Amino acid sequence: MDAGSFSSCISSEKARPASRHPLREGGSRPYMPSLLSSSKDFSSRQSGGDRFIPDRSAMDFDMAYYLLTERRKEKENAAAASPSKGTYRRLLAKNLLNNRTRILAFKSKPQAPAEGILQETHSNAASHPSKSAKPQRHIPQSAERILDAPDLVDDYYLNLLDWGSSNVLSIALGNTVHLWDASDGSTSELFTVDEDVGPVTSVSWAPDGRHIAAGLNSSDIQLWDSSSGNLLRTLRGVHGSRVGSLAWNNNILTTGGMDGKIVNNDVRVRSHIVQTYRGHQREVCGLKWSGSGQQLASGGNDNLLHIWDLSMASSNSSPGQNQWLYKLEDHMATVKALAWCPFQSNLLASGGGSGDRCIKFWNTRTGVRLNSVDTGSQVCSLLWNKNERELLSSHGSTQNQLTLWKYPSMVKIAELTGHTSRVLFMVQSPNGRTVASLAGDETLRFWNVFGTPEAPKPAAKTASTGPFSSFSHIR
């Protein structure tokens with residue numbers, strides 16, 4: 001069981017300065033190291049080797065012997081030498097010896113290849129670039145922006161942060177839900193609940209990016225319109241205790257509570273409870289629907305991971321009526337972090353708490369575990385990169401870091417530090433570029449970790465786009 005329950009957090013709550021406002025810039029802008037590293041000028045260095053090796057095949061030993069002994073003989077015969085002999089000797093050296101004076105000959109440089117062959121090779125390399133020539137993405141090591149998040153409930157089992165499709169981020173701080181518009185940086189307060197029903201224990205945006213669901217400590221679930229700021233309805237009697245996890249599947253709001261139940265609620269009808277999943281014995285703290293909406297992954301404080309199929313749910317609330325598709329018991333601690341792979345529909349990543357510290361990968365069609373990686377610290381949340389085969393994880397002590405992994409090798413690409421307490425929650429912007437992390441140090445940090453997605457290639461133009469364009473003729 002992972003530390004960080006709500007009761008312990010309330011008892012240790014400390015008074016904060018009144019001047020500290022939520023979602024305001026926290027302190028000065030973080031230090032951004034320069035991308036231009038200092039470089040030394042190596043142009044002054046001379047090219048070439050540090051020594052020469054003579055080529056004996058190019059040596060003329062007869063000429064060398066002549067040049068070595070010529071001066072000695074000249075000195076011996078200097079007195080008897082006549083001008084005519086000296087003139088004869090100079091003419092002989094000029095015409096026969098070709099004025100060669102070097103004793104040792106060195107090997108010349110290799111000949112340059114023919115110009116045509118060089119140009120052809122260069123053009124072929126340019127026309128067929130290697131796939132490995134893709135430039136490596138720069139990952140900033142510091143947060144782009146830091147906002148204050150006072151009154152945050154430091155509880156591992158809750159889900160207090162979400163980023164909607166309309167590019168608005170919602171965060172629950174105590175009894176209040178705040179909104180931060182990423183397009184212009186504006187903030188607003190959506191609602192505040194009474195003390196007897198609070199605090200807010202979970203938030204989740206509907207797919208339309210306008211409506212938001214909030215789970216409360218009193219077991220109620222509220223639906224709000226973020227545009228008008230109005231409360232639309234309150235769902236009661238769904239759970240017997242606090243609602244710590246929420247997940248949308250079109251018009252179905254799935255809720256997970258401390259009572260171990262998972263309930264599908266159709267928010268369009270009066271009798272909203274349509275299906276119930278039973279399988280967890282303790283609090284449900286992780287809920288994620290697959291991209292197809294056919295499978296649901298749930299993690300709980302009982303160290304269990306369940307895979308549910310939408311067709312196997314039942315409206316009958318009798319115990320034992322509906323069964324999970326797979327019951328996975330490999331984790332040794334609470335399973336909260338869940339993430340469905342965007343490029344492989346049946347691949348699920350799950351992360352365990354402080355007693356487990358592992359990220360595990362599952363084939364949800366067969367229930368087989370594909371891999372398990374020990375991260376060395378509590379796994380709080382997981383996010384897949386929408387544009388690359390990468391996985392981002394957030395962790396607890398001792399480093400309280402965000403770690404970017406290359407999939408499937410699970411080699412560490414980068415580690416982002418800055419939080420001074422465990423990074424409880426992570427959410428991704430709609431365009432997949434930015435990640436927001438919320439930690440127990442009451443700061444909300446934004447990271448440009450996944451980079452800017454590549455622009456899609458334009459589709460090839462077709463000759464006709466009519467309804468019968470695929471038929472060449474009618475017979």
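Threonine 364 is found in the loop that runs between strand β20 (358-363) and strand β21 (368-374), in a model that is predicted. Although placed in a loop, threonine 364 has a relative accessibility of 2% and therefore counts as buried, the limit for that class being under 20%. Its side chain is joined to the side chain of glutamine 295 by a polar contact of 2.8 Å.

The chain has 4 helices and 28 strands, and buried residues make up 44% of its 475 residues. Of the contacts between residues at least 6 apart in sequence, 51% join residues that are at least 24 apart. The accessible surface of the chain comes to about 27,200 Å², and 50% of this belongs to carbon and sulfur atoms.

In one of them, tryptophan 163 and phenylalanine 446 are arranged edge-to-face, with 6.0 Å from centre to centre and 85 degrees between the planes. Because tryptophan 163 lies in strand β2 (residues 161-163) and phenylalanine 446 in strand β28 (residues 443-447), this pair ties together parts that are 283 residues apart in sequence. Phenylalanine 446 also pairs with tryptophan 180, and here the ring centres are 4.8 Å apart and the planes stand at 35 degrees, so this pair is tilted. Tryptophan 180 belongs to strand β4 (residues 176-181), so its pairing with phenylalanine 446 in strand β28 ties together parts that are 266 residues apart in sequence. Tryptophan 163 is buried, while tryptophan 180 counts as buried at 5% relative accessibility and phenylalanine 446 counts as buried at 3%.

Elsewhere, Phe343, Phe361, Trp384 and Tyr407 form one aromatic cluster. A ring also takes part in an arrangement with a charge, since the charged end of lysine 336 sits over the ring of tyrosine 156, at 5.2 Å from its centre.

The cysteines complete this picture. A search of the whole structure finds 0 disulfides. Cysteine 285 is buried, with a relative accessible area of 0%, and cysteine 358 likewise counts as buried, at 11% relative accessibility.

Notes
Residues numbered from 1 in each chain as written. Predicted model: local features only at pLDDT ≥ 70, side-chain atom pairs only at ≥ 80, totals over all residues. Heavy atoms only, no water. Helix = DSSP H or I, 4+ residues; strand = E, 2+ residues; numbered from the N terminus. Buried < 20%, exposed > 50% of the residue type's maximum accessible area, 1.4 Å probe, protein only. Contact = heavy atoms within 4.5 Å. Areas by Shrake-Rupley, 256 points an atom, 1.4 Å probe, with all protein chains shown as cover. Polar contact = N/O pair within 3.5 Å; in protein donor to acceptor, adjacent residues only side chain to side chain. Disulfide = S-S within 2.5 Å. Phe/Tyr/Trp six-rings, centres within 6.5 Å; stacked < 30°, edge-to-face > 60°. Lys NZ or Arg CZ within 6 Å of the ring centre and 35° of its normal.
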